[in-house]
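Hi there,

I am passing this structure on to you, as promised. Have a look at it first, and then read my notes below.

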Amino acid sequence: MGSARAHDLRTVLSGDDIARASRRIAHEIVEKAKGASDLVLLGIPTRGVTLAHRIGAVISEIEGIQVPVGSLDITLYRDDLRLRPARALEETSIPEGGIDGKTVVLVDDVLFSGRTIRAALDALNDVGRPAAVRLAVLVDRGHRELPIRPDYVGKNIPTSATEQVRVHLLEIDGSDSVEISAQGAQ
Amino acid sequence: MTTYVIRGVRPYGEAAVDIVINDGVITELASPGTGLGEVIDADGLIALPGFVDLHTHLREPGREDAETIESGSQAAALGGYTCVHAMANTDPVADTAGVVEQVWRIGREVGLVDVRPVGAVTVNLDGTHLAQIGAMANSAAGVTVFSDDGKCVHDALLMRRALEYVKAFGGVVAQHAQEPRLTENAQMNEGALSGKLGMVGWPAVAEEAIIARDVLLAEHVNSRLHACHVSTAGSVEVIRWAKSRGVNVTAEVTPHHLILTEDLVESYNPVYKVNPPLRRKEDVLALREALADGTIDALATDHAPHPHEHKDCEWGAAAMGMLGLQTAFSVVMETMVEPGLLDWRGVADRMSVQPARIGRVATQGQPLEVGSIANIVVIDPKATWTVVAEELASKSSNTPFAERTFPGTVVHTFYAGRPTVLGGVLA
Amino acid sequence: MRHLLSAADLDRDAALLILDTAAEMAALSDRSVKKLPTLRGRTVVNLFFEDSTRTRISFELAAKRLSADVINFAAKGSSVSKGESLKDTALTLEAMGADAVVIRHWDSGAPYRLAHANWIGGSVINAGDGTHEHPTQALLDAYTMRRHLRDGKGALEGVRVGIVGDILHSRVARSNVLLLQTLGAEVTLVAPPTLLPIGIETWPCEVSYDIDAVLPKVDAVMMLRVQQERMQAAYFPTSREYSRLYGLNSDRMRLLPEHAIVMHPGPMNRGMEISAEVADSDRAVMVEQVANGVSVRMAVLYLLLGGAKELSE
């Protein structure tokens with residue numbers, strides 16, 4: 001079992017890589033927004049929320065002000081709801097100041113078909129009217145099915161459609177890494 | 001008339017004979033294989049006196065959509081019956097000589113069983129005025145059993161009067177025991193289950209209290225009383241006590257009360273809705289014991305056909321009642337014969353002799369002997385059959401036994417010397 | 001889960017899933033656009049044979065907030081057409097493509113018949129059948145209790161609940177006893193003996209005739225409506241006596257622990273089972289129960305209709 005795994009799994013980002021990428025994204029966000037005053041970070045559950053908190057912490061460090069960080073569950077806006085039994089909802093937590101007139105940065109761990117982000121945009125639309133919406137992802141693995149593009153990317157990792165990208169974060173999985181497993185392998 | 005020979009049959013399960021029937025009468029019990037006439041093979045089968053039902057609803061006049069005297073007679077014959085007592089809750093109610101004679105005449109025209117009309121106790125079953133009991137008794141129908149079945153003669157004074165009055169005509173009052181005030185809108189047996197399901201309950205005491213009162217009234221005025229469809233262990237106790245005091249009381253039990261219990265109501269399937277309702281396992285066992293030891297004298301089907309739309313709905317809106325004529329014998333086989341509670345003589349007694357005696361029907365329930373009228377049922381104790389509701393002869397299909405497999409089949413039925421059923425189908 | 005017919009259908013996990021989903025749905029009412037696209041294209045029919053404006057509106061609002069199409073069918077229900085109505089109505093709704101039927105009916109077991117008689121293919125939600133059950137009421141009651149007594153999370157282990165009133169005729173009581181037991185709460189029923197069903201000893205709860213003894217020991221007291229008309233069938237001698245012995249007035253309210261809440265499924269008979277002062281006090285959470293009802297019903301509709309249609313069990 002062990003040796004078979006070593007063949008099928010390759011690590012594409014180490015813990016240090018993730019930390020550096022997150023710092024860079026934080027800087028890029030602040031640079032583009034010319035500051036952090038009207039920023040709101042909304043992570044998409046589950047790991048997007050963890051990443052949003054990390055990026056928010058870096059921004060706070062750089063700019064010296066607290067950036068509101070929250071979560072946006074997109075389950076109810078998915079376009080594939082009818083394909084499986086009803087899914088349990090994750091937490092949606094919009095920070096106190098709301099999103100009207102703010103620059104919302106959606107944060108997710110992996111960008112793939114783009115459907116999750118499409119759902120997130122629809123969800124945002126019903127929550128309020130941001131001045132702008134940006135997208136930050138740790139990994140862009142290609143294979144877009146909708147015209148969605150990220151503003152800030154940790155790493156572009158070309159993959160085949162059947163490969164699986166696994167993001168592990170310390171707060172949830174006990175360690176930081178991004179791995180790719182080969183076609184069909186579990 | 002043809003001479004028939006039922007070949008190789010075992011009367012009451014005893015030694016095999018050829019029963020020779022001539023002109024409606026048993027003329028000989030010959031050695032097997034020696035009887036002369038049209039032979040009906042009955043090797044390995046058992047002969048009993050034709051069954052007599054004290055309690056049937058034929059629905060004609062008035063509810064011919066549910067059943068007619070003809071379809072009911074067919075169901076009866078297929079169930080091994082040669083006589084049925086047709087209850088009076090028709091439309092119009094059988095409370096005059098006119099209606100009972102109509103039922104009687106149609107029964108004779110159909111000619112499959114003896115249809116004995118039951119006369120109502122009160123006009124229109126309203127419980128306030130005695131019906132013309134004398135006129136009905138003296139009519140061509142010769143009514144001897146009087147009942148408001150469907151409803152209870154709950155007024156104590158009226159019940160007393162009825163018990164007294166029928167004495168002049170050798171009649172019996174058959175009481176449907178149900179205190180109306182304790183059972184308003186009742187849907188099922190009252191107990192833990194009715195509490196859980198949130199259904200209005202039909203407490204056992206509503207039956208027992210009426211029977212207790214009636215046996216004392218019958219004793220006081222020295223009259224005959226018959227208790228319809230006894231359904232509780234408590235009622236059995238009361239009847240046992242009354243009999244021990246010498247009260248002239250008889251009792252009947254339905255096949256469904258010998259085998260089905262209230263937990264079936266949890267399915268909310270209205271086929272299980274019946275009056276009196278299905279009760280607990282303890283009641284079922286007490287009733288079987290009572291039928292075995294004779295405290296309950298007779299099996300009576302309370303065959304109650306209902307059209308589809310009165311059962312294919314929600315429970316509260318459904319009508320109460322179950323079919324019973326074609327499945328009665330099998331239920332008795334499964335619940336009484338197979339466990340050894342009744343032998344074949346016992347079955348003959350409870351399903352033929354006693355009912356005929358209670359109904360004062362001299363031509364029925366006669367022993368399988370030379371000289372007796374040939375009302376005979378031939379059954380196969382080893383065969384089994386599966387009930388298919390749509391294939392029953394009744395116009396309705398509200399049987400609680402759909403798709404159930406039972407032991408014992410009715411193979412041949414002879415009514416007044418003529419075969420009505422041969423090989424399990426109408427002759 | 002294809003139907004919701006009885007509180008007994010829900011095991012602990014299913015009940016918690018509904019409550020947790022309802023918590024997320026509740027946040028919706030704070031938004032300016034109170035709409036989710038989740039049930040777009042689904043049709044929900046409110047089939048109410050018994051009049052009930054508040055429950056019907058609650059289900060209607062819940063369905064509409066999820067973008068479902070709602071049809072309200074108020075069957076006239078004359079005693080003549082009682083039997084025929086349900087089946088024929090069901091067949092009509094099926095022909096119109098109802099994905100879910102929310103049914104309130106005067107007969108215990110009617111939703112069960114609807115779900116199992118093969119008249120319709122959609123989901124059936126019991127909105128109250130006779131004196132049998134009202135599962136979404138029990139769910140919103142549990143949700144309310146959890147919000148006040150368990151910080152809005154988890155189950156109700158150790159929560160002590162008193163339910164007072166006409167237990168015999170109450171579908172709210174039956175559903176609550178079942179669901180509260182599933183969630184680990186301890187229930188005590190209080191009523192005069194005439195308003196308790198035969199066999200109550202078999203229910204998973206305590207029973208008492210003495211409200212004053214029970215009130216100091218509960219975290220939540222649920223008052224049930226008692227109809228004045230019951231007096232006619234001799235369930236109690238007069239409304240005055242009932243109210244004196246079992247009504248929740250200000251004096252009795254003082255017997256409750258500090259943190260305890262007062263609940264009522266509504267509609268209330270002010271002056272009968274509950275006094276006006278208690279109904280209007282800040283212990284009383286009836287208004288919040290109504291709001292929670294919408295969230296809970298949204299959760300139920302989402303879980304039954306939001307995903308792939310489950311094949312029959």
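**What I found**

In chain B, 59% of the 427 residues count as buried (20 or more other C-beta atoms within 10 Å of a residue's own, with C-beta atoms placed from the backbone). Please keep in mind that this is a predicted model, where local features need pLDDT of at least 70, side-chain atom pairs count only at pLDDT 80 or more, and totals for chains, interfaces and linings use all residues. Residues are numbered from 1 along each chain as its sequence is written, while chains are lettered from A and ligands numbered from 1 in the order in which they are written.

Chain B has eleven helices and 19 strands (DSSP runs, H or I of at least four residues for helices and E of at least two for strands, numbered from the N terminus). Its C-alpha trace spans about 65 × 45 × 45 Å along the principal axes. Of the chain B contacts with a separation of 6 or more, 74% join residues 24 or more positions apart; a contact means C-beta atoms, placed from the backbone, within 7 Å.

Now to chain C. The domain assignment, automatic or from a database, gives domain 1 (7-133 + 291-305) and domain 2 (135-285). The C-alpha centres of these two domains of chain C lie 25 Å apart. Their contact takes 25 residues from domain 1 and 21 residues from domain 2. On the domain 1 side, helix H1 (12-26), strand S4 (123-129) and helix H11 (286-305) of chain C each supply at least two residues, and H1(C) gives the largest share, seven residues.

Best wishes

Technical notes: A residue is buried if 20 or more other C-beta atoms lie within 10 Å of its own, exposed if 12 or fewer, and partly exposed in between; C-beta atoms are placed from the backbone. Two residues are in contact if their C-beta atoms, placed from the backbone, lie within 7 Å.
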